[in-house]
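Trainee: Please take a close look at a single part of this model, and describe how it sits among its neighbours.

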Amino acid sequence: MAEPHAPLPDARPDRPQGPIFLVGCQRSGTTMLRLVLDSHSRVSCGPETRFLADMQRIVGRDWERLSRFGFPREYWLARIADFFGGIQADYARSRGKTRWADKTPLYALSIDFLAEVFPDAQFVHVVRDGRDVVVSHRKRFGYWSAVKCVVKWPRYIRVARAAGARLPADRYHELRYEETVTDPEKAMRGLFEFLGEPWEAGVLDYDGKQHDVAGKYTAEAQRRRAAAGTDAPIYGSRVGTYRRELDPFLRVLVRVFSGATLRELGYR
């Protein structure tokens, strides 16, 4: 039998080993950040999962049904952690990685639950100017989606930040999209420092690495770069698009429903 591999030099006992959850309102840059994380030699960040939100419901709103089995709620939480964490860990190992991450924007609404299931998890909340998020929803999902986004975006921000405030500082980290695309290395160095992972400059060149992503993402990314006139993986041309692409009706809706949150976050 082959001898087990020696620990990597950077695998210190004090290094965080818990899972990483990347969350944020859709169209806030979470896919880009997912690929950055997945480019790290130690971190695996695979496809979106989403179904943990359903697990939250069955041990929450529908708990009466499960309680009839006679097992305490802690039992079910441990089972969920074993099942979901086991799949993610197997996937990470299959790719030669030692730590797993999950990018599911929807989980911005479930941080409290996820922190309960995974007490050692770290959360990265990507925040983007809500006006640009509305524009991106219109382009990607259609006009009605943009209309609904003026309410959805502040809800995601409010719920995620409130949950983050209940966590220790070493478990919740906010990352501004605008800072990420303006000075990628500074923002990413801060991110990996928070995660307790060694800095690897190659994460910024995520396009040159293999990721398990849907073909539609690759096609969309190529279209965006062509429109921006760049071949750089990270670029800032989409910052402030609302100034030229947000129509008067959506501007009014944003001001009414998202204005307070924009001001709270310092967006002018």
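Mentor: F21 has F123 of strand β4 as its bridge partner. This is a predicted model, in which local features need pLDDT of at least 70 and side-chain atom pairs count only at pLDDT 80 or more, while totals for chains, interfaces and linings use all residues. Residues are numbered from 1 along each chain as its sequence is written, and side-chain values use heavy atoms, with hydrogens and water left out.

Strands here are DSSP runs (E, at least two residues; helices are H or I, at least four), numbered from the N terminus. Strands count as paired if DSSP finds at least two bridges between them. Strand β1 (residues 20–23) runs parallel to β4 and is joined to it by four bridges. Strand β5 (residues 172–176) is also parallel to β4, with five bridges between them; here V124 stands opposite H173.

Six of the six residues of β4 (residues 122–127) are buried, so the strand is largely enclosed by the rest of the structure. Buried means under 20% relative accessible area, with a 1.4 Å probe and protein chains only. Both faces of β4 are covered: Q122, V124 and V126 are buried on one side, and F123, H125 and V127 on the other.

Which residues of F21, V124 and H173 belong to the pairs around β4? F21 pairs with F123, and V124 with H173 in β5. F123 and V124 are both among the buried residues of β4.

Note on methods
Buried < 20%, exposed > 50% of the residue type's maximum accessible area, 1.4 Å probe, protein only.
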